[in-house]
2 protein chains.
Amino acid sequence: MSVDRKLDMQEVSQILKLLGDKTRLTMMKLLQSHDCCVCEFVAIFNMSQPGISQHLRKLKDASLVKETRRGQWIFYSLNRDHDYALLIDDLLNYLPDQNERFIELEAQGLRISCD
Amino acid sequence: MSVDRKLDMQEVSQILKLLGDKTRLTMMKLLQSHDCCVCEFVAIFNMSQPGISQHLRKLKDASLVKETRRGQWIFYSLNRDHDYALLIDDLLNYLPDQNERFIELEAQGLRISCD
DNA sequence: TTAGTATATAATAATTTAATTATATAAGTA
DNA sequence: TACTTATATAATTAAATTATTATATACTAA
């Protein structure tokens with residue numbers, strides 16, 4: 001009981017630490033509305049491809065996101081089965097919509113749609 | 001507008017970074033139910049007094065908590081007027097109750113009540 | 001098979017963070 | 001005033017974090 005309680009605080013603070021980075025927080029907000037592949041994130045954020053991959057790995061290691069290969073691309077999506085999925089969703093709902101970023105991508109012809 | 005959006009993401013991620021530390025997150029949860037002075041935090045957490053003070057300073061610098069001197073003690077309380085007070089309160093409501101910690105304090109005669 | 005594209009991993013460097021000890025400040029009390 | 005208690009600040013150190021470049025892996029297509 002006491003141990004469980006501490007584990008919970010530990011786990012939540014770990015999740016908040018991951019979301020306490022602007023790039024990862026924005027990634028999560030983007031994923032709330034659209035699955036996204038690595039190269040799209042690279043186009044959206046001003047960051048190297050390995051930088052993007054490492055952020056995604058942290059999110060994946062914490063089971064916050066899932067990855068699926070579709071052809072040559074690997075798409076990331078929110079893990080809506082996560083133990084704290086409700087908390088995370090609530091939290092993301094406070095954030096301003098980031099769809100403008102997808103619109104910009106589309107305008108540059110960089111949006112990947114894999115059907 | 002675009003600038004505001006970015007500021008928001010920046011500010012929220014900064015807050016989550018602060019809450020992404022187990023000590024500070026637990027402090028905030030404790031403060032949700034009781035104001036608390038520094039020496040109580042020192043008794044609750046296994047950490048030096050300067051360590052506690054520095055966590056509190058970070059929370060105060062971000063306006064997440066307020067301080068009030070009462071006699072020889074300085075009490076900390078949640079700043080319920082913070083721009084993101086709703087988000088923070090929602091978030092804290094997901095966390096397990098930490099009142100047991102106050103009960104333990106009381107049992108050790110370390111609870112400060114300043115009336 | 002070879003070349004090109006997408007992604008991950010390794011190595012590394014710069015920065016930030018979180019803790020400690022030592023010390024200063026401020027209030028309370030004999 | 002001097003002593004004690006409560007708290008803050010400074011200096012320092014160890015560890016964690018975030019980014020980069022270089023390289024490896026995996027799929028696609030010619």
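Which residues in α2(B) meet which residues in α5(B)? The legends below begin with this contact and describe a predicted model.

**Figure 1. Contact of helices α2(B) and α5(B) within chain B.**
From α2(B), the residues B:Leu25, B:Met28, B:Lys29 and B:Gln32 meet B:Ile88, B:Asp89, B:Leu92 and B:Asn93 of α5(B). By class, the residues of this contact are four nonpolar, two polar and two charged. Helix α2 of chain B spans residues 22–33 and helix α5 of chain B spans residues 85–93; the two pack at an angle of about 95 degrees, and their axes lie 10 Å apart. This angle makes α2(B) roughly perpendicular to α5(B), because angles of 65 to 115 degrees count as roughly perpendicular.

**Figure 2. Interface of chain A and chain B.**
The contact draws 27 residues from chain A and 27 residues from chain B. About 2500 Å² is buried between chain A and chain B, with 66% of it on carbon and sulfur atoms. The count of salt bridges between chain A and chain B is zero, whereas three residue pairs in polar contact are found across the interface, both residues being at pLDDT 80 or more. On the side of chain A that touches chain B, the elements giving two or more residues are α1 (2–19), α2 (22–33), α5 (85–93) and α6 (99–107) of chain A. Of these, α1(A) gives the most, with 10 residues. The side of chain A that touches chain B comprises 11 nonpolar, five polar and 11 charged residues.

**Figure 3. Packing of α2(A) with α6(A) within chain A.**
Helices α2(A) and α6(A) pack at an angle of about 80 degrees, and their axes are 9 Å apart. The angle makes α2(A) roughly perpendicular to α6(A). A:Thr26, A:Leu30 and A:Ser33 of α2(A) make the contact with A:Asn99, A:Arg101 and A:Phe102 of α6(A). The contact of α2(A) with α6(A) contains two nonpolar, three polar and one charged residues by class.

**Figure 4. Salt bridge of A:Arg111 and A:Glu40.**
The side chains of A:Arg111 and A:Glu40 meet in a salt bridge, with an N to O distance of 2.3 Å. A:Arg111 lies in the segment after α6 of chain A, and A:Glu40 lies in helix α3 (residues 38–44) of chain A, so the pair ties together parts that are 71 residues apart in sequence. Over all chains, a search of the whole structure finds six salt bridges.

Conventions. Residues numbered from 1 in each chain as written. Chains lettered and ligands numbered in written order. Predicted model: local features only at pLDDT ≥ 70, side-chain atom pairs only at ≥ 80, totals over all residues. Heavy atoms only, no water. Axes fitted to C-alpha atoms, helices over the stretch in contact; angles between N-to-C directions. Helix = DSSP H or I, 4+ residues; strand = E, 2+ residues; numbered from the N terminus. Parallel < 35°, antiparallel > 145°, perpendicular 65-115°, else oblique. Contact = heavy atoms within 4.5 Å. Nonpolar A, V, L, I, M, F, W, Y, C, P; charged D, E, K, R; others polar. Buried area = accessible area lost by both parts, 1.4 Å probe. Salt bridge = Lys/Arg side-chain N within 4 Å of Asp/Glu carboxyl O. Polar contact = N/O pair within 3.5 Å; in protein donor to acceptor, adjacent residues only side chain to side chain.
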